[in-house]
Amino acid sequence: MQITGSAISLNVQDVSASAEFVKQHFGFREEMSADGFVSLARDGVGFNLIFLRTGLASLQPPILKEQQAQGVLVAFVVDDIDAEYAQIRAAGVPITTPIQTEPWGERFFQVTDPNGVILQLVQWMHSPEQAG
């Protein structure tokens with residue numbers, strides 16, 4: 001198998017709200033869009049982030065038409081978590097989970113987009129193997 005690309009597709013009520021949120025605060029750009037659909041990319045991320053409007057007729061299998069993204073955490077690894085935290089706060093984005101460091105070296109914080117999708121920024125302060 002040769003995989004040549006990847007994407008995360010999330011069903012949301014308001015595609016534009018989620019798309020604008022990640023474009024403004026996470027530096028994504030729109031690659032393509034249509035009614036009820038937007039595909040966003042960012043250099044170095046390795047996948048596209050796709051938002052689909054709940055109820056979209058083309059969603060397959062049909063059970064997806066009424067489901068929304070719930071219990072999903074989209075995480076992005078960054079080089080300077082404290083600088084990103086300061087920038088997000090300065091932009092007035094409500095913080096869902098304040099910055100914290102786990103015993104295994106994961107320093108992170110979380111925000112929630114207008115549709116309830118949780119986005120996490122994380123920096124590894126040391127490798128999990130060093131947590132001992």
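Modeller: Let us begin with surface area: accessible areas come from the Shrake-Rupley method with a 1.4 Å probe, and for residues only the protein chains shown count as cover. The protein chain exposes about 7,700 Å², and carbon and sulfur atoms supply 50% of this area.

Colleague: What kind of model is this, and how are residues numbered?

Modeller: This is a predicted model, in which local features need pLDDT of at least 70 and side-chain atom pairs count only at pLDDT 80 or more, while totals for chains, interfaces and linings use all residues. Residues are numbered from 1 along each chain as its sequence is written, and side-chain values use heavy atoms, with hydrogens and water left out.

Colleague: How many helices and strands does the protein chain have?

Modeller: There are 2 helices and 8 strands; these are DSSP runs numbered from the N terminus, helices being H or I with at least four residues and strands being E with at least two. Their order from the N terminus is β-α-β-β-β-β-α-β-β-β.

Colleague: And what share of the residues is buried?

Modeller: Of the 132 residues, 38% count as buried. Buried means under 20% relative accessible area, exposed means over 50%, and partly exposed lies in between (1.4 Å probe, protein chains only).

Colleague: Let us turn to the strands. How do strand 2 and strand 3 run?

Modeller: Strand 2 (residues 29-34) and strand 3 run antiparallel, joined by 5 bridges; two strands pair if DSSP finds at least two bridges between them. Ala-34 has Phe-37 in strand 3 as its bridge partner. The two strands form a hairpin with 2 residues between them, and Gly-36 in the turn has a positive phi of about 80°.

Colleague: Which residue is the bridge partner of Val-38 in strand 4?

Modeller: That partner is Phe-51. Strand 3 and strand 4 pair in the antiparallel sense over 4 bridges. Their hairpin has 6 residues between the strands, and Gly-44 takes a positive phi near 85° there. As for cover, 4 of the 5 residues of strand 3 (residues 37-41) are buried.

Colleague: Is Asn-48 buried or exposed?

Modeller: Asn-48 has a relative accessible area of 18%, so it counts as buried. This residue is found in strand 4 (residues 48-53). Leaving aside neighbours within four places in sequence, Asn-48 is in contact (heavy atoms within 4.5 Å) with residues including Ser-6, Ile-8, Glu-31 and Leu-40.

Colleague: What joins the side chains of Asn-48 and Glu-31?

Modeller: A polar contact of 3.0 Å joins them. Such a contact is a pair of N or O atoms within 3.5 Å; within protein, one must be able to donate a hydrogen and the other to accept it, and residues adjacent in sequence count only if both atoms are side-chain atoms.

Colleague: Now a new topic. How many salt bridges does a search of the whole structure find?

Modeller: The search finds 6, where a salt bridge is a side-chain nitrogen of Lys or Arg within 4 Å of a carboxyl oxygen of Asp or Glu. One of them joins Glu-20 and Lys-23, with the closest N and O atoms 2.9 Å apart.

Colleague: Where do Glu-20 and Lys-23 lie?

Modeller: They are 3 residues apart in helix 1 (residues 15-26), so about one helical turn separates them. Lys-23 also meets Glu-30 in a salt bridge of 3.6 Å, N to O.
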